[in-house]
Amino acid sequence: MPESQGKVEELVVLTDVVLITCIVQRGKAEEVIQAARLAGAQGATVFYAHGSGVRQRHLGVLAITVSAEKEVIYIVAASDQADRIFAKIHAAAHLDTPGMGMAYMTPLEKMATYVPPEIVERFAG
Amino acid sequence: MTRKIRYGDYLGRVRVQQRVISYNEVTAWDRKHRRRPRLRPRDIHRLVAPYLSSRFLDQFRAVIPVTLFLVSFQVLVLKSGVSDVAAIGLGIVGVMLGLMFFMEGLKHGLMPFSENIGHLMPGRTSYSAVLAVAFILGAAATFAEPAIGALKSVGSLTDPESAAWLSFLLNQRSEQVVVAVAVSVGLAVLVSMLRFMQGWAMKPVVLIVTLACLALTWYLASDPALAPIIGLAWDCGAITTGPVTVPIVLALGVGVSAAAGREDNPLAGFGIVTLASLFPPLAVMALGVYTAETADLGQFATPAAAAGPGDGGLWGGALNALRAIVPLAALLWLIQRVWLREPLRHANLIGYGILLCVLGMAAFNMGLDAGLSALGMQVGDLLSTAFSGDESLYPYWAGLGIALAFALLLGFGATIAEPALNALGMTVQNLTDGAFRKQTLIRAVALGVGIGTALGMAKVIFDLPLAWLLIPGYLLALVLTILSSEEYVNLAWDSAGVTTGPVTVPLVLAMGLGLGRAVDAHEGFGILAMASVGPIVSVLAVGLWLQVRARFLRFQFVRMMRNV
């Protein structure tokens with residue numbers, strides 16, 4: 001921050017955040033996001049992708065029912081809630097069936113977004 | 001008094017139990033035991049159910065609204081029950097299942113070939129080879145077109161007395177008609193490829209071809225024995241541009257125009273559909289003239305009444321489907337494997353796709369005869385009771401109005417639901433930077449088709465010569481074409497081909513023939529032809545209006561600036 005401007009801008013950063021990534025077939029993201037929201041997720045980002053993994057080997061003839069067109073869902077969650085959201089996503093996306101996709105969770109060092117001023121007042125020590 | 005529990009602690013209590021396994025162990029184990037895990041019934045359901053239901057629903061949405069509209073019109077307005085409900089219901093289910101399998105098969109079995117060929121061919125072979133392949137593929141795809149079967153099955157419905165040559169062509173020479181159509185589509189694709197490579201504009205090509213068509217129409221119209229062929233010929237143009245030809249040929253066109261160095265042109269691929277629907281009328285009319293010169297009607301005293309629709313039932317349908325799909329697939333494979341020397345990937349999937357194509361086409365053909373054609377014919381037959389005869393349901397003019405309003409609604413409704421049109425609308429909205437909105441295009445096309453259908457219906461009811469309607473219609477379209485800019489010309493002429501899908505075509509065709517028979521018209525062709533001119537005129541008119549409005553706004557703006 002250049003000192004000449006006179007005022008030091010404050011950056012509010014959140015910690016204890018995890019990223020949950022879930023990869024499902026195209027068109028299934030809506031259900032997954034719905035489940036994640038009910039479990040406390042604030043929002044989700046979806047993008048389109050293309051890829052395939054286990055389907056050819058594990059499904060045999062049924063492999064044709066699995067589309068290689070995928071949706072990738074990013075959900076950033078508080079680490080306390082993350083496990084619950086993760087479990088709900090697992091159930092909503094039917095991840096226990098082969099070919100349905102996968103989900104993984106990664107710790108994030110920090111995250112920045114809009115944080116209401118009164119919250120900043122209260123928690124920023 | 002409140003007790004405070006930290007929410008995180010609470011969630012930690014209720015969280016699902018997890019069992020942790022190291023992925024390293026899994027992969028190590030996996031390398032030793034190559035075995036396929038057993039799927040639970042639940043898994044199979046989860047895999048298969050969405051796969052089937054989404055594809056079935058697509059076809060359901062295309063078929064059921066139009067069918068319901070027809071049935072409710074028949075019951076409520078024409079006050080008549082639907083006969084053969086069971087057969088028609090089964091037939092419609094057959095059409096839906098058939099289309100579903102066919103589309104899926106097309107995606108897996110045939111599209112990979114044409115995409116590969118379109119991309120690879122211009123780089124690996126010579127200029128003339130590209131043109132040859134374009135011609136052969138266009139012709140072969142036409143044979144595989146599901147609606148082409150409808151053409152053969154309606155032959156028995158024409159009146160051999162009043163429309164002798166038409167009846168002769170459809171009953172005795174139906175193979176030649178199909179070949180003529182296929183060759184002309186091949187030629188159309190060839191000319192389009194030439195156009196892409198040379199960078200010719202669409203306008204002059206459209207002008208020349210349409211004028212040739214109109215001249216031949218004029219010639220046929222002047223001879224009362226040949227005039228009935230005009231309707232068949234122009235309807236063929238609408239029939240050919242269906243779900244097989246359009247994607248295969250478009251994939252080819254996009255590849256070629258990309259290779260011709262015009263990759264940035266957003267209109268790449270446009271115009272093929274137009275030519276593919278203008279060449280067949282030309283070819284069929286020429287065939288008509290040629291047949292009239294050479295063949296002898298004397299041999300054709302008794303039309304083969306036995307050659308009714310659906311020759312051979314289940315096996316016949318399957319055999320026809322085999323004959324349509326397998327040569328096309330073999331041809332595509334030969335071109336890719338032998339000529340372009342590109343290895344075949346996912347052979348199992350392609351085999352599965354081709355199998356589905358054949359099954360789907362067989363089911364579609366059977367369903368077409370028993371379901372859609374039968375229903376369309378019934379409505380057409382009954383439609384005349386609304387206004388003609390001693391026991392007409394309504395006063396003459398009211399009944400006539402009802403019949404025409406029905407045609408307008410049918411054309412409008414069937415078009416507005418067409419998925420191909422929706423896709424075209426998106427493209428157009430992007431191309432014109434939002435000046436031509438998607439909804440505007442869809443409505444313009446649907447209105448054009450509706451008015452065209454109503455005009456075609458009026459032609460059948462009053463037994464007007466089709467040339468009287470077609471020639472002014474296309475002349476109007478030509479005048480508008482000269483006035484419009486190149487983009488709108490491409491767009492308007494292509495939208496006519498896109499609108500006539502595999503559900504609308506047999507339905508409207510059968511309805512026209514049924515109506516024609518009921519009102520003792522010479523023949524019931526021509527409704528599809530009119531439904532193709534309609535959108536050309538309406539889209540061009542809307543395009544011109546948008547241009548004029550833009551100019552007017554600019555003029556006002558300039559004047560305002562001057563005043564300031």
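1. Let's start with the charged network: A:Asp96, B:Arg40, B:Asp43 and B:Arg46 are linked by salt bridges. A salt bridge here is a side-chain nitrogen of Lys or Arg within 4 Å of a carboxyl oxygen of Asp or Glu. Keep in mind that this is a predicted model, where local features need pLDDT of at least 70, side-chain atom pairs count only at pLDDT 80 or more, and totals for chains, interfaces and linings use all residues. As for bookkeeping, residues are numbered from 1 along each chain as its sequence is written, chains are lettered from A and ligands numbered from 1 in the order in which they are written, and side-chain values use heavy atoms, with hydrogens and water left out.

2. (Helices are DSSP runs of H or I with at least four residues, strands are runs of E with at least two, and both are numbered from the N terminus.) A:Asp96 is partly exposed at 36% relative accessible area, whereas B:Arg46 is buried at 14%. Buried means under 20%, exposed means over 50%, and partly exposed is in between, using a 1.4 Å probe and protein chains only.

3. Within chain B, the side chains of B:Asp43 and B:Arg40 also form a salt bridge, again listed at 2.9 Å, N to O. B:Asp43 is buried, with 2% relative accessibility, and B:Arg40 is partly exposed, with 30%.

4. How many salt bridges turn up over all chains? The search of the whole structure finds 5. Among them is the pair B:Glu104 and B:Arg55, at 2.6 Å, N to O. B:Glu104 lies in helix 4 (residues 85–124) of chain B and B:Arg55 in helix 3 of chain B, so the pair ties together parts that are 49 residues apart in sequence. B:Glu104 is buried at 6% relative accessibility, and B:Arg55 is partly exposed at 23%.

5. Helix 3 of chain B deserves a look of its own. Where does helix 3 of chain B bend? The bend is at B:Phe60 and comes to about 35°, taken as the angle between axes fitted to the seven residues ending there and the seven starting there. Buried residues in this helix include B:Leu47, B:Tyr51, B:Val63, B:Leu70 and B:Phe73. Just after the helix, B:Lys79 has a positive phi of about 50°.

6. Now for the surface of chain B. B:Phe143, B:Val179, B:Val183 and B:Leu187 make a nonpolar patch of about 300 Å². Patches use residues with over 30% relative accessible area and no salt bridge, joining like charges within 9 Å and nonpolar side chains (Val, Leu, Ile, Met, Phe, Trp, Tyr) within 5 Å. Accessible areas come from the Shrake-Rupley method with a 1.4 Å probe, and for residues only the protein chains shown count as cover. Helix 8 (residues 174–198) of chain B gives the most to the patch, with 3 residues. B:Val183 is in that helix and is partly exposed, at 36% relative accessible area.

7. Finally, check the strands of chain A. Strand 1 (residues 17–25) pairs with strand 3 (residues 69–78) in the antiparallel sense over 9 bridges, with A:Ala77 as the bridge partner of A:Val18. Strand 2 (residues 45–50) also pairs with strand 3 in the antiparallel sense, over 6 bridges, and there A:His50 has A:Glu69 as its bridge partner. Two strands count as paired if DSSP finds at least two bridges between them.
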